[in-house]
Amino acid sequence: MRNWLGNDGNWIVAGLAAAITVPFLSFAAGMPFWIAAIIALLVFAGLVILLAPRRLFEGLDIKRIGSGRVAFARDLLEAAVPFAERLETAADVIGDNQMAAAVRHLAEIAADVLRKVEAKPESANAVRRFLSYYLPRSAELAEGFAVIEVKRVPDLKQLEEVRGVLVKLEEAFVHYADSLVDEELGTLDTDLRLIQASLKEDIGR
């Protein structure tokens, strides 16, 4: 999963590149130090801009959507992203292959929902409960499963209880992910009925 909120990695990479550029140009290419320093500064600035993490809702027409809706979606995503990342991390450390696959599937669905909300922030309210409740609880349960299974004497009953709840949570994840797709369909059913009625009227079948 990509880092939705970005990080400072672009500054680190740019700094390393600039630091390498100066001695390379000065000693290997025989260029004057002050010219090498200017070039390194340009390299640094260029890489900072080039590698800058994409901001949430970048490229969207916020005025058309409404700043209030975008702010609401932003708050939901910023709170939900850490839990989505924790869910993915838990999948990597769970030893039970079947359970790890199930948790990884939850993480994939969560990433899909996050992408769709970012692309269409006005849909955020439809998955508000998913982002603020089901996703955080799922991450906590997955981490709990990982902790329990590494105990010297794991509580098998507790493991099965957590397993059962995580399996059921997949239904909720799928439900909310599909609700965003259903929202995209909009008036499809109505349009189909109208077209069928028009065709029957115009061509008699």
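User: Before we look at side chains, how should I read the words buried, exposed and partly exposed?

Analyst: Buried means under 20% relative accessible area, exposed means over 50%, and partly exposed is in between, with a 1.4 Å probe and protein chains only. Here R115 has a relative accessible area of 44%, so R115 is partly exposed. A word on the source: this is a predicted model, where local features need pLDDT of at least 70, side-chain atom pairs count only at pLDDT 80 or more, and totals for chains, interfaces and linings use all residues. Residues are numbered from 1 along each chain as its sequence is written, and side-chain values use heavy atoms, with hydrogens and water left out.

User: Thanks! What share of the protein chain counts as buried?

Analyst: Of its 205 residues, 32% count as buried.

User: And how many helices and strands are there?

Analyst: Helices (H or I, at least four residues) and strands (E, at least two) are DSSP runs, numbered from the N terminus. The protein chain has 8 helices and 0 strands, and from the N terminus its elements read α-α-α-α-α-α-α-α.

User: How do I read the packing of two helices, and what is the case for α5 and α6?

Analyst: Axes are lines fitted to C-alpha atoms, for helices over the stretch in contact, and angles run from 0 to 180 degrees between N-to-C directions. Angles under 35 degrees count as roughly parallel, over 145 as roughly antiparallel, 65 to 115 as roughly perpendicular, and the rest as oblique. The axes of helix α5 (residues 97-119) and helix α6 (residues 128-149) come within 11 Å and cross at roughly 155°. Therefore α5 and α6 are roughly antiparallel to each other.

User: What is the angle between α4 and α6?

Analyst: α4 and α6 pack at about 20°, their axes 9 Å apart. That makes α4 roughly parallel to α6.

User: Which handedness does the crossing of α4 and α6 have?

Analyst: A crossing is left-handed if the near helix is turned anticlockwise from the far one by less than a right angle, and right-handed if clockwise. The crossing of α4 and α6 is left-handed, and α5 also passes α6 in a left-handed crossing.

User: On to charges: how many salt bridges does the structure hold?

Analyst: Side chains of opposite charge can pair when their charged atoms come close. The cut-off for a salt bridge is a side-chain nitrogen of Lys or Arg within 4 Å of a carboxyl oxygen of Asp or Glu. The structure holds 7 salt bridges.

User: Which parts does the pair of R104 and D92 tie together?

Analyst: In this salt bridge the closest N and O atoms are 3.2 Å apart. R104 lies in helix α5 and D92 in helix α4 (residues 67-93), so the pair ties together parts that are 12 residues apart in sequence. R104 is partly exposed at 33%, whereas D92 is exposed at 55%.

User: What about pairs within one helix?

Analyst: D112 forms a salt bridge with R115, the closest N and O atoms being 4.0 Å apart. The two are 3 residues apart in helix α5, about one helical turn, and D112 is partly exposed at 23%. In helix α6, R137 and E140 are also 3 residues apart, about one turn, and their closest N and O atoms are 3.0 Å apart. R137 is partly exposed at 31%, and E140 is partly exposed at 35%. Elsewhere, salt bridges that share partners join D96, E160 and R163 into one network.
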